[in-house]
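This report describes selected local features of one protein model. The sequence and structure are shown first.

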Amino acid sequence: MMSAFWDKQIERADYLRAQSSGSKELLAFYAQLLRAQKNVYESFRSRKNWLPSGDLERDLDVVMSSTPGLLQTVSLHGPESLAAEAQAISAAEPETMADALQEYWRSPSDTQFFAKSILQPYLRWLAETRTPPIDRELAGGERTCPFCGGAPQLSFLVSKESSAESGNRDLSCAACLSSWEFRRVVCANCGEERPAKLGYFHSPEFDHVRIEACDSCRHYLKGIDLTRLGLAVPSVDEIYAAPLDLWAREHGYTKIELNLVGL
Ligand SMILES: [Zn+2]
Ligand SMILES: [Zn+2]
């Protein structure tokens, strides 16, 4: 049952990578990565007599035991540089990976690809079992995930019955993959509220995806409009619309949090 979360994303990535527009190679890799992450997640869930403690140091052996499969997937299907890195980590002492996991745990960064890929399913499992992560010193505040303190990966608009508005805006956490409600016209990075400072860009090719940029802090993220396309899966459609990131970069904006394919 709980695997539905991963299956939905895998199916969407498989579907979109066969489409003409968007970034086929990135999606093909992401589809494989999602499968590896699902396996990591399943390995935690299916473990007999074990529940996560929320303390990575205590759970480290279990988390480490799930890493070889993901490293192998990346070395087989990843872009050249990541594949080489996966092979190097596999050949190195286990401490290399353990250190990377603990570093990401304490201060997450979107450039720590392997730690982020492996800890996403772990944090997801913590969120589902309502086990708060401990021993982390993260910023907090309404612009970070209320569960784990992670940065926003993307935003999405979704219809909620309770609201008379055309859609509510939620932010999705880059670390534990849960989402939280956020105000609609506010920069998710610096909190800027003046409409004149907030810009939107979209191209007809990706009708349900837009760049949400802020001219005060020069950061952006992508917004996925599920009221326009209910079939979309935000984390996957965000990668599908990779050409929009190029536009944002060319216009001098920095992404709040890079996604797992590095855009
Ligand atoms: Zn989170
Ligand atoms: Zn801003």
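Lys-197 is located in the loop joining strand E3 (179-182) and strand E4 (198-201); strands (E, at least two residues) and helices (H or I, at least four) are DSSP runs numbered from the N terminus. Because its relative accessibility is 32%, Lys-197 counts as partly exposed, a class lying between buried (under 20% relative accessible area) and exposed (over 50%), with a 1.4 Å probe and protein chains only.

Lys-197 and Cys-214 are separated by 17 residues in sequence and by 5.9 Å in space, C-alpha to C-alpha. With neighbours within four places in sequence set aside, Lys-197 is in contact (heavy atoms within 4.5 Å) with Glu-192, Ala-213, Cys-214, Asp-215 and Ser-216.

## Basis of the model

The model is predicted: local features need pLDDT of at least 70 and side-chain atom pairs count only at pLDDT 80 or more, whereas totals for chains, interfaces and linings use all residues. Residues are numbered from 1 along each chain as its sequence is written, chains are lettered from A and ligands numbered from 1 in the order written, and side-chain values use heavy atoms, without hydrogens and water.

## Nonpolar core

The largest nonpolar core has 74 residues, of which Val-74, Leu-101, Phe-114, Leu-119 and Tyr-122 touch the most other members. Such a core is a set of buried Ala, Val, Leu, Ile, Met, Phe, Trp, Tyr and Cys residues joined through side-chain atoms within 4.5 Å. Helix H2 (residues 24-45) supplies the largest share, ten residues.
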